Amino acid sequence: MPIRAEWRRQWSRARTRWALGLMVALPLIILIAFQFDNAGGDDNGGGEFGSLIDLATSGGLNFTLFCLYVSATFLLVVAVALFCGDTVASEAQWGSLRYLLAVPVPRARLVAVKLVVALGYSGLALVALAGTALAVGTARYGWEPLQSTVANEIAPGPGLLRLLGILGYLAVVLLVVAGLAFLLSVSTDAPLGAVGGAVLVWILSSILDQISALGVVRNLLPTHYSTAWLGLLSTPAQFDDIVKGTISAIVYATLFWSLAFWRFTRKDVTS
C-alpha cells in the first residue's frame, strides 16, 4: 500500500475532483459576484459585513483574506471531513475493505496510508482555495497592503507572511475535524454518517462556544480558538490565543487519531 497508489485511487474518485474544483471555483464565483455588485451600485448592505466586502476589493491579499473568512467556518470543515471521513468508511460500504486487508500489510500501515493521503488532499484543498483567491484577486485588484478593521495597513510583503501564518493556523485547527472524521470513518460503514457526524459535532461545538454561561468550560471546546488567527491581523500580532489553539488542536487530533488506530486494529471487519 504505497502512498502514491492510494493517492491515485482517491484522485480517481469523482468526489475528490469535485471538492478540489469547488475550492478553485469559490474565489471565481465571489469575484464575479463583486463585479455584479459594483455594476449595480449596491452599498453591500452596510454594517460590518459590508465593510469586509469593501476591504476585499482593495487588493489581492484582502480578497484572499475575505475568501478564507467566509469559508473557514463551514466549507473548509466540510471538505476536510469529506476527505478524512469517507476514506475508510467508503471502502467498507463498497465491500472492498476486507479485500484490502487480505494484502499482507499490517492494519496500522493501511490506515496510516489512508490518513496521510486524506490529510494531503485536505491540505491541497486549503492551498487551492487560497492560491486561486490570491491569483485572481491580485490580477483584478492589484498587489496592495493587507488591511483589516482592527489594525493599520500591513505592507504587502509582511502581509503575505501574515496570510501564510493564517493558512498554517487554519490547517492546524482543521486537524481536529480530520481526526474526528477519521475516527468515525473507521467506526462505521456509512461514509455520510462519518462526514456528517464530524461536521455536526463541529457546529455543535461552535454553538456551545457562544453560550457565555458555560464560563471556562468553553475553553475546552475544540472550536473555542478557531478564530484566533484574527490576532495575526492586529498590530502588533497577538499570539497568545494562537498558541493555546494550536496546543488544543494537536491534543484533540492526537486523541482522535489514537482512538481511530486502536479501533481499526481491533475491529472485526466483515465489509
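Modeller: Before we look at this predicted model, one term is needed: a residue is called buried when its relative accessible area is under 20%, exposed when that area is over 50%, and partly exposed in between.

Colleague: With that in hand, are Phe 83 and Tyr 121 buried or exposed?

Modeller: Both Phe 83 and Tyr 121 are buried, and for Tyr 121 the relative accessible area is 1%. Their rings have centres 5.8 Å apart and planes at 25°, and since planes under 30 degrees apart count as stacked, the pair is therefore a stacked one. Phe 83 belongs to helix 5 (residues 75-86) and Tyr 121 to helix 8, so that this pair links distant parts of the chain, 38 residues apart.

Colleague: How should I read aromatic pairs in general, and how many aromatic pairs does the count come to here?

Modeller: A pair of aromatic rings is described by two quantities, the distance of the centres and the angle of the planes. In this model the count comes to seven aromatic pairs. One of them joins Trp 7 and Tyr 121, which are stacked at 3.9 Å centre to centre with 15° between the planes. Because Trp 7 lies in helix 1 (residues 3-11) and Tyr 121 in helix 8 (residues 107-141), this pair ties together parts that are 114 residues apart in sequence.

Colleague: Is Trp 7 buried or partly exposed, and which residues form one aromatic cluster with Trp 7?

Modeller: Trp 7 is partly exposed, with a relative accessible area of 32%, whereas Tyr 121 is buried. The cluster is made up of Trp 7, Trp 11, Phe 83 and Tyr 121.

Colleague: Where does a charge sit over a ring?

Modeller: The charged end of Arg 107 is placed over the ring of Phe 264, at 5.8 Å from the centre of that ring.

Colleague: Which residues touch the most other members of the largest nonpolar core?

Modeller: In this core of 78 residues, they are Met 23, Phe 34, Phe 63, Leu 68, Ile 166 and Phe 182, while helix 8 gives the most residues to the core, namely 15. If residues up to four places away in sequence are not counted, Phe 34 touches Ile 53, Ala 56, Thr 57, Phe 63, Phe 66 and Tyr 141.

Colleague: For contrast, where is Val 216 found?

Modeller: Val 216 is in the loop between helix 10 (191-209) and helix 11 (240-266), and it is exposed, with a relative accessible area of 65%. Its C-alpha atom is separated by 28 Å from that of Val 80, a residue 136 places away along the chain.

Methods. Residues numbered from 1 in each chain as written. Predicted model: local features only at pLDDT ≥ 70, side-chain atom pairs only at ≥ 80, totals over all residues. Heavy atoms only, no water. Phe/Tyr/Trp six-rings, centres within 6.5 Å; stacked < 30°, edge-to-face > 60°. Helix = DSSP H or I, 4+ residues; strand = E, 2+ residues; numbered from the N terminus. Buried < 20%, exposed > 50% of the residue type's maximum accessible area, 1.4 Å probe, protein only. Lys NZ or Arg CZ within 6 Å of the ring centre and 35° of its normal. Core = buried A, V, L, I, M, F, W, Y, C linked by side-chain atoms within 4.5 Å. Contact = heavy atoms within 4.5 Å.
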